[in-house]
Amino acid sequence: PTPVRARRRWPWLLLLAAAAAAGAALWLHPWSAPAPRRAGPPPETPQAIRTALVETGDLPIRLVGLGTVTPLATVTLRTQISGQLMEVAFTEGQMVKQGDFLVQVDPRPYQAALEQAQGQLAKDQALLKQSELDLGRYQTLLKQDSISRQQAEDQVYLTHQYLGAVQSDQAQIDTQKLNLVYCHITAPVTGRVGLRQVDQGNYVQPTDPNGLVVLTQLQPITVIFTLPEDYLPQIMPHVRAGMKLPVTAFDRSNTTELATGTLATVDNQIDTTTGTVKLRASFANTDESLFPNQFVNASLLVDTLHDAVLVPNPAVQRGAPGTYVYIVTPESTVTVRPIKLGPTDGTRTAVLSGLTAGERVVIDGTDRLREGAKVSVITPPETPARMPKPAK
């Protein structure tokens, strides 16, 4: 090439050499090399759990059934006679005692009928007395053969008729006296009266469908509840021995205790449609915490296990090994321990075998645990103290 062309190519050659040198530097620079990978799996993260200590203690064995509060006596007061309602002596919802005066029905018609029956009795008593005197004379004359035997016998039967009339009059008097008693209505039992069904001034009669008022006995009161027939072998030996088994009544949510009482009796047959048996428990109900027809949960205490190994119910797991728990080891790992369960009281369960007191079991966070897994025990947060109220 000519000198002119050589001078024109020289800058391009320098540019190509610089680009090649820069590419080689980028290729050979250490930061452009890929980072080496770590050998083996990443370290395991401990699973957060909550634990509880296995303890020994007494475990009450309770049988719980749904029941209804049932009064021993519910009386619908009705009039046994017809008449005007003259007086209502009670207040709705009032507690009354047996024998207290409640209602007065107009007694005047029955008082008049009583006096009429008494007058008729006096008349018939006089006729009877006269007939008895005549009978005495006739018997004397008959002995003297002064009258016929038929006349004397007729007088005997006439005397018997008057005697029957006197007895009938006495029955009428007793009936009217009883009607006067019916006019004055009193409480047959001690309890609480409900809402008044008839107002004062109305005409009442025995055929009225609703009666006058409903009186319900509240003290004592009972609860009728049902239990499966399978529990009878646990209950009947105590009943036959005359033991008074304790019964506790809780509200419908089974959280609030309402009253405590004793088992009164067990029904004499099993309901074949449900396979349950009815039981009646008695409660003093002095504070009136139980209300008639209220739904409650009745808890019957049939026995108590002493010195039993107890675990919280959330610790018990069920799966392929059967029933088991997770035990926390000193190395902060867990191990599976099969156990044999006993009775439960709803919050704790007795363990018949597989655990000893002092071991620590997992009660929360068991869903992702496995044999030998690392764990981290979480301490439940303490309840913050209340701030003091500012001084007034």
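A residue is called buried under 20% relative accessible area, exposed over 50%, and partly exposed in between (1.4 Å probe, protein chains only). Helices (H or I, at least four residues) and strands (E, at least two) are DSSP runs, numbered from the N terminus.

The structure is a predicted model, in which local features need pLDDT of at least 70, side-chain atom pairs count only at pLDDT 80 or more, and totals for chains, interfaces and linings use all residues. Residues are numbered from 1 along each chain as its sequence is written, and side-chain values use heavy atoms, with hydrogens and water left out.

pLDDT, the predictor's confidence in each residue from 0 to 100, averages 87 for the protein, and 85% of the residues score at least 70.

Helix 4 spans residues 232-240, and its buried residues are Leu 232, Ile 235 and His 238. Seen down the helix axis, these fall within an arc of 140° (taken from the directions from the axis to the C-beta atoms), so they line one face of the helix. Pro 233 and Arg 240, on the other side, are exposed. Just after the helix, Gly 242 takes a positive phi of about 80°.
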